[in-house]
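Please look over the sequence and the model shown here, and read the report that follows alongside them.

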Amino acid sequence: MKKLIVLILVICESTFAQKIKIDTSVVYQTMHSFGASDCWSMQMVGKYYPLAKRERIAELLFSQELDESGNPRGIGLSMWRFNIGAGSTEQGSKSMITNEWRRAESFLENGKYDWTKQAGQQWFLDAAKRHKVDFTLGFLNSAPVSMTKNGIAIGSGKLGEWNFDKSKIDEFTSFLAEVSEKLKFDYLSPFNEPQWDWGPKSKSGFGSQEGTPINNADLAWATRQIDEKFAQKNVKTRLTLAETAQIDYLYKSKTNRTEANQDNQVQAFFDEKSPDYIGNLKSVEKMICGHSYFTTSPNEELVKKRIDLGEKIKHHNVSYWQSEYCVLGDNSGEINGSGMDLGMKTALYVAKVIHADLTLSNTSAWHWWLSVSANDYKDGLIYISNKGKMGETDNNKFDGEILDSKLMWALGNYSRFVRPYMQRIKVDLENKNVLASAYKEKSKVVLVLVNSAHNQIIEIPKIWKKQKLAVFVTSKDYNLKSKKVDSKNLILTQESITTIVITKK
């Protein structure tokens, strides 16, 4: 039986070859996916941009092919996340969402389905399937506006107050079943970041995007109703919960969301003694989703929070997906979310976060937020800009330049090579300043090295007597570029991410 292993490291300066020890018999989590979402730019790009530019974006995000020089054409995402809109676009300014880019169409209007809606997003969903992306997921920020309490897709601003008319639960569950079946989603995430208030952001009464809070009891109640409907209609789509706004709310009690019954969600949903237990429902995936926002700096907090979460996940025997992240806030002065960065600083910072999520909290899936951004912010893998001007405006709505980032290619050092169902395994290094994670599948070992310092030398591990190597580097000079290896040692360029694929001959 052939074996495959993938390895990921972050290394400090050294003048000697650092040895790497891999133990394929010690197995941690089974990997699921690396992904990104279609919010919000894809509705514009997919509908209005020239076909060649749409195809180029799809290639960058989804392709697993190599070019004639052996370089990856794209980062090979294995999950594509589709935002199922609530109908704020049709309402226009009456939606109380200021920016049209942050509104979303709904497939259901006036009691009738219109499958031509969300055409731009559907173009990229089809492109993902054409490129053989492994999984697709639909997620909601709000129920359709016809089913909300206030008739719009933003909340009241009160923590825990679900903006939903419970008398319309049958309509809601039918809507979810219809959309899941029509678009053939593998997964459905019905609730997003329930801990935030999602209400008006100023005295004007306008909000920033579709969204609603929900407390644990209401979330569990609604999930039971969805599960029942899916069973009635034989819907195969799996439910994923709960897109928790920060990972603290997954494992902590006695937080600033305790009074609103919105924290300690691993225990709430997967402890059989809990009144909100839903772990026995047929359509519910035995896993929980959280977002890494506001928990990545300083480094001591990055580490501690993920160790604590990992212990909670293990105790309740559930899987964990880090289902949304981008750089927000000032991160204790380490890096600021403001300002687009196409270079290595953001790429290396995010690589450190990915490593911590993978190795400390044992996440089996890791998903970025915006696949394409028009913002002057660190929220995109790819950026669109028209004549150097950023912004979610008409200037970028119909056409623009396509700007790939080092962050995108750095994510590709993971997503392109750490494939679904691979297993993370044990790896040790002589130099403890090197962060490392390893994965196996059949006859292959993949080693990814994130070097935040100066040039490093590593000794390529000998997994089999006869093995062949492929090396791919992301740095200020290279975008996941194929590199030849002529000896048992490899020099890691300063401030780079390197993936080594070791295959048994």
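## Arg 130 and its partner

Arg 130 is partly exposed, with a relative accessible area of 45%, where partly exposed is the range between buried, under 20% relative accessible area, and exposed, over 50%, computed with a 1.4 Å probe on protein chains only. Its partner is Glu 55, and the two form a salt bridge whose closest N and O atoms are 3.2 Å apart; a salt bridge is a side-chain nitrogen of Lys or Arg within 4 Å of a carboxyl oxygen of Asp or Glu. The pair links distant parts of the chain, since Glu 55 is in helix α2 and Arg 130 is in helix α4 (residues 119–130), 75 residues apart. Glu 55, at 29% relative accessibility, also counts as partly exposed. Helices (H or I, at least four residues) and strands (E, at least two) are DSSP runs, numbered from the N terminus.

This is a predicted model, in which local features need pLDDT of at least 70 and side-chain atom pairs count only at pLDDT 80 or more, while totals for chains, interfaces and linings use all residues. Residues are numbered from 1 along each chain as its sequence is written, and side-chain values use heavy atoms, with hydrogens and water left out.

## Other salt bridges

The count of salt bridges comes to 22. One of them joins Asp 399 to Lys 53, with the closest N and O atoms 2.8 Å apart. Here Asp 399 lies in the loop between α11 (394–397) and β15 (401–404), whereas Lys 53 belongs to helix α2 (residues 51–62), and the two are 346 residues apart. Asp 399 is partly exposed at a relative accessible area of 29%, and Lys 53 is likewise partly exposed, at 27% relative accessibility.

Another salt bridge is formed by Asp 134 and Arg 419, whose closest N and O atoms are 2.9 Å apart. Asp 134 lies in the loop between α4 and β8 (135–140) and Arg 419 in the loop between α12 (406–415) and β16 (423–429), so this pair ties together parts that are 285 residues apart in sequence. Asp 134 is partly exposed, with a relative accessible area of 34%, whereas Arg 419, at 13% relative accessibility, counts as buried. Elsewhere, a network of salt bridges links Asp 248, Lys 252, Glu 301 and Lys 305.

## The chain as a whole

The secondary structure of the chain comes to 12 helices and 23 strands. The radius of gyration is 22 Å, close to the 23 Å that the globule rule gives for 505 residues, so the chain is as compact as a globular protein of that length; the radius is taken over C-alpha atoms, and the globule rule is 2.2 Å times the number of residues to the power 0.38. Along the principal axes, the C-alpha atoms fill a box of roughly 70 × 55 × 45 Å.

Buried residues make up 59% of the 505 residues in the chain. Among contacts between residues at least 6 apart in sequence, 76% join residues at least 24 apart, where contact means heavy atoms within 4.5 Å. The chain has 68 positive and 59 negative side chains, and the centres of the two sets lie 6 Å apart; Lys and Arg count as positive and Asp and Glu as negative, with His and the chain ends not counted, and the place of a charge is taken as NZ of Lys, CZ of Arg, CG of Asp or CD of Glu.

## Two buried serines

Ser 364 is placed in the loop between α10 (344–359) and β13 (365–373), and at 5% relative accessibility it counts as buried. Leaving aside neighbours within four places in sequence, Ser 364 is in contact with several residues, including Gln 29, Thr 30, Met 31, Ser 319 and Trp 321.

Ser 142 is placed in the loop between β8 and α5 (169–182), and at 2% relative accessibility Ser 142 is also buried. Beyond neighbours within four places in sequence, the contacts of Ser 142 are Ala 86, Thr 148, Ala 153, Glu 210, Gly 211 and Thr 212. Ser 142 and Ser 443 are 301 residues apart in sequence and 44 Å apart in space, C-alpha to C-alpha.

## A residue in strand β3

Val 26 is found in strand β3 (residues 20–30) and is partly exposed, with a relative accessible area of 27%. Not counting residues up to four places away in sequence, Val 26 touches Arg 424, Ile 425 and Lys 426. Val 26 and Gln 423 are 397 residues apart in sequence and 9.7 Å apart in space, C-alpha to C-alpha.
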